[in-house]
Structure formats: structure tokens, C-alpha cells
Amino acid sequence: MASGEATVFLNGELLPREQARISVEDRAFLFGDGVYEVTPAYGGRFFRLDRHLERLRKGLSALEIDYDPAHVPDIHERLLRANGLESAPAAVVYFQVTRGVAPRTHHFPPEPVPPTLYGYAKEYVRPERERWDAGWEAVTVQDQRWSRADLKTVCLLPNVLAQEAARKAGVADAILVRDGLALEGAHNNLFAVFGDRVATHPASNQILHGITREFVLELVREEGIPVEERPIPLEELQGASELFFTGTTTEIRPTVKVDGRPVGDSGVGPVTRALYQAFLEGVEG
Ligand code: PDD
């Protein structure tokens, strides 16, 4: 199947996407009341699915949604197979759990309702190496999210607005800035290189604790590069020699200009290149 998107999972069933229906009273439709994960698979093997599951559990617990994700790995496998992606070089599975369907009240439904489960699989197409080598641009956008950005909820309006600002500016990514600090992207984490050191915002409640971020931090340490998990003032970021984003649908994406100003002095830098090489070997090995 070319698109890999045709068969979706909804509440225990695999079915054609056109036949998948949810209620207008679904809590995610009315309130954004749900959590999700996006997990990569390389050559049909999920990458760090256990970490994605752990983050999903954390979100479910924080939102007090009563769902045990024990069957989630099986659902992921079924979605890949049903969409002919079991040997695709790269694919992603989206999986969402909402609080379920109930008449609209701000508080939780007084009588427990089953959660809504929805998932789909999609091919991931990596940019050509030549495109990657040229790097991308980013713009800075004020971060307007709530104080639990570490929860992967489907309440994504501030992220949507930030990414739309990037699109309107004709660039790939948005850098979310709060109180003068450069936190992360609209759907990815941000790393900066200062001289011989790599820095990224700490895994606080102000950013999503990316699984790719975690993997890239391991790679940085394996390369013997000193790493600092600390807040990065935007002013300091402007003096970085290299910048890149990380994420499931970003992998490692180098940024060569921010708000129209060049990062460093020579396009994509050596640290980002070395980490991308290690990343590709790590996910495919
Ligand atoms: N986004 N930060 C934010 C705000 C994100 O939404 C994401 C992921 C990340 C990177 O996390 P990870 O490395 O675990 O993918 C960081 C997903 C891909 C999305 O919303 O589609």
C-alpha cells in the first residue's frame, strides 16, 4: 500500500479510515481531553517503544484516564502489518487515548466511560541527504502553552499556532521562547552547540521529554562531547555555532538560520553531522 494510511485502529478494531467514526461527544473533540504517542519503526522494528509506553502511562496517570496500555505494542504491530509497512525503511505509528464519550461537563464523566482508542500507521520519508546537508531555517515564537508541557496531550493549539507561524515565514521549525529562554520546537526538541559543548533544555515541566532527545543525549555522551542540560537564554542561542532539532518525525534536523540570521559561520556543523551519522547507525543497526 503506497500511503500506508488506509487501515486505522479504532476501539479494538482495524478498519478502513473512511469507516472510522467517533462521537461528537468524545472528550477529545470537546476538550482536547486525551494523550497520544508517535512511535517510529525502522525496517518493521519499533524503536524504544518501551519508552513511548512509559511516557503514555505517565500522561494517562496525570490525566487520571483509566486505561492499561498492555495491548498497545500489539496494536502497533497490527497497524504496521495491516498497512504493509512491516518492512518499510521508516514508519511511524500514531496512537491516542481519550477520556471517552460522555455528555459535556467540564469535570470527568460522573459514571466511568470506556476510553476512545485510535491509531494509524504512516510511512516516514527521510529527506534526501543533499537536502539535509543544506540545513533548514527556524523562527522564534512566544511559548503560550500551559505549565505541563511534559505531558503529551492532544491539547496542541499553541503548538499548532507556532508551527503555522513557521510555515507562514516559509521555514521548517519554530523555537518556543518563554521568559527569554529557548525551550524546544513546536513538535521537536532543540539542541545547541557552543564551542565544544552541547546544550539542551533540561527535562522539566516546560518541555516534552522527547525519546529522540534522550537517545541523542546518549549519542552525545558516546561521542565524548561534554553536554549540559540547562536553560538556554535566547540571547545566548543567537551565538551558538550549531543548532538542531530532534524528534520522531524530525530525527535530527539542522538549523542554519534563526529569524533570518545565520547560525555559526559554515552551514551544517561537524557536531550535528557526527550525531546524525551516529543516529542513523543507531536506529538502523
Ligand atoms: N511530537 N517536543 C514536542 C512539543 C513534541 O510534540 C515532540 C514530539 C517532541 C519530540 O519527542 P519524541 O522525540 O519523543 O518524538 C518534542 C510528535 C512527533 C508529534 O506531535 O507528532
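Trainee: What makes Asp 173 and Arg 253 a salt bridge?

Mentor: The closest N and O atoms of Asp 173 and Arg 253 are 2.8 Å apart. A salt bridge needs a side-chain nitrogen of Lys or Arg within 4 Å of a carboxyl oxygen of Asp or Glu, so the pair qualifies. Asp 173 lies in strand β8 (residues 173-178) and Arg 253 in strand β14 (residues 251-258), 80 residues apart, so the pair links distant parts of the chain. Strands here are DSSP runs of E with at least two residues, helices are runs of H or I with at least four, and both are numbered from the N terminus.

Mentor: This is a predicted model: local features need pLDDT of at least 70, side-chain atom pairs count only at pLDDT 80 or more, and totals for chains, interfaces and linings use all residues. Residues are numbered from 1 along each chain as its sequence is written, and side-chain values use heavy atoms, leaving out hydrogens and water.

Trainee: Are Asp 173 and Arg 253 buried or exposed?

Mentor: Buried means under 20% relative accessible area, exposed over 50%, partly exposed in between (1.4 Å probe, protein chains only). Asp 173 has 1%, so Asp 173 is buried. Arg 253 has 14%, so Arg 253 is buried too. Elsewhere, salt bridges that share partners join Asp 143, Arg 145, Arg 178 and Glu 184 into one network. By the salt-bridge rule the count comes to 24.

Trainee: Which residues pair with Glu 164 in salt bridges?

Mentor: Arg 167 does, with closest N and O atoms 2.9 Å apart. Lys 168 does as well, at 3.2 Å, N to O. Arg 167 and Glu 164 are three residues apart in helix α5 (residues 157-168), so about one helical turn separates them. Glu 164 and Lys 168 are four residues apart in helix α5, again about one helical turn.

Trainee: Why is Glu 164 put in another accessibility class than Lys 168?

Mentor: Glu 164 has 26% relative accessibility, so Glu 164 counts as partly exposed. Lys 168 has 65%, so Lys 168 counts as exposed. Arg 167, at 57%, is exposed.

Trainee: What makes β2 and β4 edge strands?

Mentor: Six strands form an open antiparallel sheet in the order β2-β1-β6-β5-β3-β4. β2 (13-16) and β4 (45-46) each have a single partner strand, so one side of each is left without a neighbour in the sheet.

Trainee: How do you know that β3 and β4 pair?

Mentor: Strands pair if DSSP finds at least two bridges between them. Strand β3 (residues 34-42) and β4 have two bridges, in the antiparallel sense. In one, Ala 41 partners Phe 46 of β4.
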